[in-house]
Every structure is written in C-alpha cells, then in structure tokens.
Amino acid sequence: LELTDRGSTKGSMVARLADMLGIARENIYCAGDNQNDISMLQLSAIPFAPANCAPEVKQWGARILGACEESCVAQIVDILKAEGYEFVTVDEILFD
C-alpha cells in the first residue's frame with residue numbers, strides 16, 4: 001500500500017528533491033517497476049525498469065534490465081559507469 005497526497009506524484013517529489021539539492025535534470029537516473037513510477041521515469045535522463053515491471057512501464061519505453069532479483073540496481077550502476085558517468089553521494093552534495 002502506498003499513500004500520497006492528492007495531486008502528488010513520485011515525479012514531482014524527485015523534481016523537488018533535485019531542485020533542493022541543486023541536481024540538474026540531466027543527472028537524474030530513476031528506476032521504476034509500476035505505473036505510479038512513470039512520472040518519475042519521465043524526469044530521468046535514462047529511465048530504467050526491471051524485466052518484471054508492469055506492462056505499462058515497458059510500453060512507456062523504459063530501458064529494461066534484469067529482474068529485481070537479478071541485482072538490477074547494480075546493473076544500473078555498471079551501465080552508467082561504463083558510459084562514463086561519475087557518482088557522488090548525497091553527503092558530498094550536502095556537506096562539501
């Protein structure tokens with residue numbers, strides 16, 4: 001069960017957090033597996049989804065990875081590293 005404020009979406013909250021942390025949209029990478037994740041995936045420079053995601057997410061056009069049980073988050077990190085992306089932690093953003 002997920003509860004959100006009326007009119008709120010995962011996408012609006014990711015956008016708000018990115019603005020608060022000064023993260024440009026081209027540096028946002030999201031993964032989602034269900035219909036309520038599509039608004040968040042729309043903000044993502046590269047939207048990812050596990051192979052066992054909802055059909056609507058596949059139809060929307062997310063980049064499909066292995067299933068959740070196949071370390072899909074680690075797959076995202078490997079893909080982004082291979083494509084030359086650098087990583088920082090939230091602590092580095094907030095405290096540097």
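**Exercise 1. Is Ala67 buried or exposed, judged by its relative accessibility?** Determine also where Ala67 lies and which residues surround it.

*Solution.* The model under study is a predicted one.

Step 1. Ala67 belongs to the loop between S3 and H4.

Step 2. The relative accessibility of Ala67 is 12%. Buried means under 20%, so Ala67 counts as buried.

Step 3. When neighbours within four places in sequence are left aside, Ala67 is in contact with Pro50, Ala51, Asn52 and Cys72.

Step 4. One of these residues, Asn52, is 15 residues from Ala67 along the chain, yet the two C-alpha atoms are separated by 5.3 Å.

**Exercise 2. Describe the order and pairing of the strands in the open sheet, and identify which strands stand at the edges.**

*Solution.* Step 1. The sheet is open and has 3 strands in the order S1-S2-S3, with parallel pairing.

Step 1. S1 and S3 each have a single partner strand and stand at the edges, so one side of each lacks a neighbour in the sheet.

Step 2. Between S1 and S2 the parallel pairing extends over 3 bridges. Within this pairing, Cys30 has Pro47 of S2 as its bridge partner, and Ala31 stands opposite Phe48 in S2.

Step 3. In a regular strand the side chains alternate between the two faces of the sheet. For S2 (46-49), Ile46 and Phe48 are on one side, while Pro47 and Ala49 are on the other.

**Exercise 3. Determine which residues of helix H4 are buried, and which residues on its other side are exposed.**

*Solution.* Step 1. Helix H4 spans residues 72-82, and its buried residues are Cys72, Ile76, Ile79 and Leu80.

Step 1. These residues lie on the same side of H4, because the arc they cover around the axis is only 95 degrees. An α-helix has 3.6 residues a turn, so residues three or four places apart point the same way.

Step 2. The other side of H4 carries the exposed residues Asp78, Lys81 and Ala82.

Step 3. The cover over the buried residues of H4 includes strand S1 (29-31), strand S2 (46-49) and strand S3 (63-64). The helix lies across these three strands, S1, S2 and S3, and runs at about 150 degrees to S2.

Step 4. After H4 comes Gly84, which has a positive phi near 90 degrees.

**Exercise 4. Ser71 and Gly84 both have a positive phi. State what sets Ser71 apart from the general rule.**

*Solution.* Step 1. Most residues other than glycine have a negative phi.

Step 1. Ser71 is not a glycine, although its phi is positive, about 60 degrees.

Step 2. Ser71 is placed in the loop between S3 and H4. Its relative accessible area is 45%, which makes Ser71 partly exposed.

**Exercise 5. Find how many disulfides the structure holds, and examine Cys53 and Cys68 in turn.**

*Solution.* Step 1. A disulfide is a covalent bond between the sulfur atoms of two cysteines. The structure holds 0 disulfides.

Step 1. For Cys53, the nearest cysteine sulfur is that of Cys68, 8.7 Å away. Cys53 counts as buried, at 8% relative accessibility.

Step 2. For Cys68, the closest cysteine sulfur is in Cys72, at 4.7 Å. The cut-off for a disulfide is 2.5 Å, so this distance is too far for a bond. Cys68 counts as partly exposed, at 39% relative accessibility.

**Exercise 6. Locate Ser44 and Asp37, and list the polar contacts of their side chains.**

*Solution.* Step 1. Ser44 is found in the loop between helix H2 (38-43) and S2. With a relative accessible area of 9%, Ser44 is buried.

Step 1. The Ser44 side chain reaches the backbone oxygen of Ile28 at 3.3 Å. A polar atom of that side chain also lies 2.7 Å from the backbone oxygen of Ile46.

Step 2. Beyond its neighbours within four places in sequence, Ser44 is in contact with Ile28, Tyr29 and Cys30.

Step 3. Asp37 is in the loop between S1 and H2. Its relative accessible area of 4% makes Asp37 buried.

Step 4. The side chains of Asp37 and Lys10 are joined by a polar contact of 2.6 Å. Not counting residues up to four places away in sequence, Asp37 touches Lys10 and Gly32.

Terms used: Residues numbered from 1 in each chain as written. Predicted model: local features only at pLDDT ≥ 70, side-chain atom pairs only at ≥ 80, totals over all residues. Heavy atoms only, no water. Buried < 20%, exposed > 50% of the residue type's maximum accessible area, 1.4 Å probe, protein only. Helix = DSSP H or I, 4+ residues; strand = E, 2+ residues; numbered from the N terminus. Arc of directions from axis to C-beta. Contact = heavy atoms within 4.5 Å. Pairing = 2+ DSSP bridges. Axes fitted to C-alpha atoms, helices over the stretch in contact; angles between N-to-C directions. Polar contact = N/O pair within 3.5 Å; in protein donor to acceptor, adjacent residues only side chain to side chain.
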